[in-house]
Amino acid sequence: MTAPAVQTATDGPATGEPVVGFSGVNKSFGPVHAVADLTLTLHPGETVALLGPNGAGKSSALDLLLGLRNPDSGSIKVFGTTPAQAIAQGRVGAMLQSGGLMEDVTVREIISLACALHPRAYPVDEVLATADITDIGDRKVNKLSGGQEQRVRFALATAGDNDLIVLDEPTVGMDVTARQAFWATMRRRVDEGRTVLFATHYLEEADAIADRVLVLHRGRLIADGTAAEIKARAGARRITFDLQGEIDEPALRALPHLVGVEVSGATVRIRSDDADATVHAVYGLGLYPRNLEVAGLGLEQAFLAITDAASAEEEEER
Ligand SMILES: Nc1ncnc2c1ncn2[C@@H]1O[C@H](COP(=O)(O)OP(=O)(O)OP(=O)(O)O)[C@@H](O)[C@H]1O
């Protein structure tokens with residue numbers, strides 16, 4: 001993907017340089033290969049979603065990017081330097097999944113501290129207002145609801161002028177209004193040339209927000225493209241129909257070009273990489289499908305098709 005020619009609002013060098021570069025990065029925890037030979041480059045002005053099933057290695061990859069862990073092998077560059085240096089320069093803001101909030105301080109105190117520590121901090125009141133937490137400024141951070149706590153984490157990640165914002169499942173627990181406000185703020189930052197990388201399980205959010213989607217599976221990068229490219233790459237289409245009488249599942253499972261079949265009551269849902277041929281074969285079985293629908297995959301189904309295919313490939317290799 002071509003990097004947009006965007007200049008960040010920093011005093012730093014012109015930002016043609018990659019924001020992040022992973023090259024052959026590996027990280028294992030005992031027998032678990034959490035990040036496997038990961039190579040990728042992020043460019044200025046990109047909004048990138050990191051997707052993957054539970055345990056795929058998303059948080060591990062973000063921890064490596066933030067210098068919270070060291071890779072076993074491979075190299076990681078952030079703005080051409082080490083993650084630790086990039087963070088010390090105030091170029092990276094992060095919002096992680098859990099932990100990190102001090103106890104027994106107020107919201108305003110913790111945000112003030114973050115601003116005091118940031119080399120390019122925004123005014124405290126502005127940070128509070130942007131995260132919509134001005135009205136809870138005097139509350140203790142350990143007395144907040146889940147969604148309020150998430151907003152405070154968001155404020156911590158955006159207390160200063162960062163060129164890269166890293167977010168691990170940022171909108172978990174946020175209500176619809178908070179979620180919309182959150183993404184509106186992120187969009188403004190991207191419009192100003194910042195890069196946003198976020199891990200999520202909300203595929204509709206990735207589809208709507210990201211201009212690039214990375215899919216991790218058992219630590220490996222198995223897809224990298226726009227949401228549209230990933231949907232097209234999954235190739236499969238959805239076929240749905242109803243059948244009357246007893247359903248012969250083994251016969252359905254033997255249909256050509258299948259990626260998956262699911263039977264629920266009288267309804268059959270098929271993913272196929274050649275819908276015309278599969279539907280033809282359904283009629284060939286002498287069946288009379290009713291309410292027949294053929295549709296392209298959403299990002300969610302494309303994601304499932306790609307990760308299922310990767311699992312099947314790995315099973316075959318074993
Ligand atoms: N500190 C650790 N010690 C041992 N194993 C770990 C550690 N951190 C992660 N793992 C393992 O590494 C793999 C990748 O975990 P990771 O948390 O990176 O996945 P994830 O994609 O973020 O998952 P989720 O969507 O569930 O948050 C998992 O099998 C996990 O159990």
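Modeller: We will start with the whole chain, go to the ligand, and then visit a few other places.

This is a predicted model, in which local features need pLDDT of at least 70 and side-chain atom pairs count only at pLDDT 80 or more, while totals for chains, interfaces and linings use all residues. Residues are numbered from 1 along each chain as its sequence is written.

The secondary structure of the protein chain comes to eleven helices and 13 strands. These are DSSP runs, numbered from the N terminus: helices are H or I with at least four residues, and strands are E with at least two. Along its principal axes, the C-alpha trace spans about 75 × 45 × 40 Å. Of the 318 residues, 38% are buried. A residue is buried if 20 or more other C-beta atoms lie within 10 Å of its own, exposed if 12 or fewer, and partly exposed in between, with C-beta atoms placed from the backbone.

Now for the ligand. Its shell consists of Phe29, Val32, Ala34, Gly52, Asn54, Gly55, Ala56, Gly57, Lys58, Ser59 and Ser60. By type, the shell has four nonpolar residues, six polar and one charged. Here Ala, Val, Leu, Ile, Met, Phe, Trp, Tyr, Cys and Pro count as nonpolar, Asp, Glu, Lys and Arg as charged, and the others, Gly among them, as polar.

Which elements each supply at least two residues of that shell? They are strand S2 (32-42) and helix H1 (58-65). H1 gives the most, with three residues.

Let us stay with H1 for a moment. Seven of its eight residues are buried, so H1 is largely enclosed by the rest of the structure. The buried ones are Lys58, Ser60, Ala61, Leu62, Asp63, Leu64 and Leu65. After H1 comes Gly67, whose phi is positive, near 70°.

S2, the other contributor, holds Asp37. The phi of Asp37 is near 50°, a positive value in a residue other than glycine. Asp37 counts as partly exposed because it has 15 C-beta neighbours inside 10 Å. Phe79 also has a phi near 50°, again positive in a residue other than glycine. Phe79 sits in the loop between strand S4 (73-78) and helix H2 (83-88), and it is buried because 25 other C-beta atoms lie within 10 Å.

Thr200 is 148 residues away from Gly52 along the chain, and their C-alpha atoms are separated by 8.1 Å. Thr200 lies in the loop between strand S7 (195-199) and helix H7 (203-209). With 22 C-beta neighbours inside 10 Å, Thr200 counts as buried. Beyond its neighbours within four places in sequence, Thr200 is in contact with Ala49, Leu51, Glu169, Glu205 and Ala206; contact requires C-beta atoms, placed from the backbone, within 7 Å. In the protein chain, residues 24 or more positions apart account for 69% of the contacts with a separation of 6 or more.

Another such pair involves Val107, which lies in helix H3 (residues 107-117). The C-alpha atoms of Val107 and Ile136, 29 residues apart along the chain, are separated by 6.9 Å. Val107 is buried, with 26 C-beta neighbours inside 10 Å.

Last, a look at two helices that pack together. Two packed helices are described by the angle between their axes and the distance between the axes. Helix H8 (residues 227-234) and helix H11 (residues 299-317) pack at an angle of about 50°, with axes 9 Å apart. Axes are lines fitted to C-alpha atoms, for helices over the stretch in contact, and angles run from 0 to 180 degrees between N-to-C directions. H8 and H11 are therefore oblique to each other: angles under 35 degrees count as roughly parallel, over 145 as roughly antiparallel, 65 to 115 as roughly perpendicular and the rest as oblique. The contact is made by Ala227, Ile230, Lys231 and Ala234 of H8 and Leu299, Ala302, Ala305 and Ile306 of H11. Those residues divide into seven nonpolar, no polar and one charged.

Technical notes
A residue is near a molecule or strand if its C-beta atom, placed from the backbone, lies within 6 Å of it. Two residues are in contact if their C-beta atoms, placed from the backbone, lie within 7 Å.
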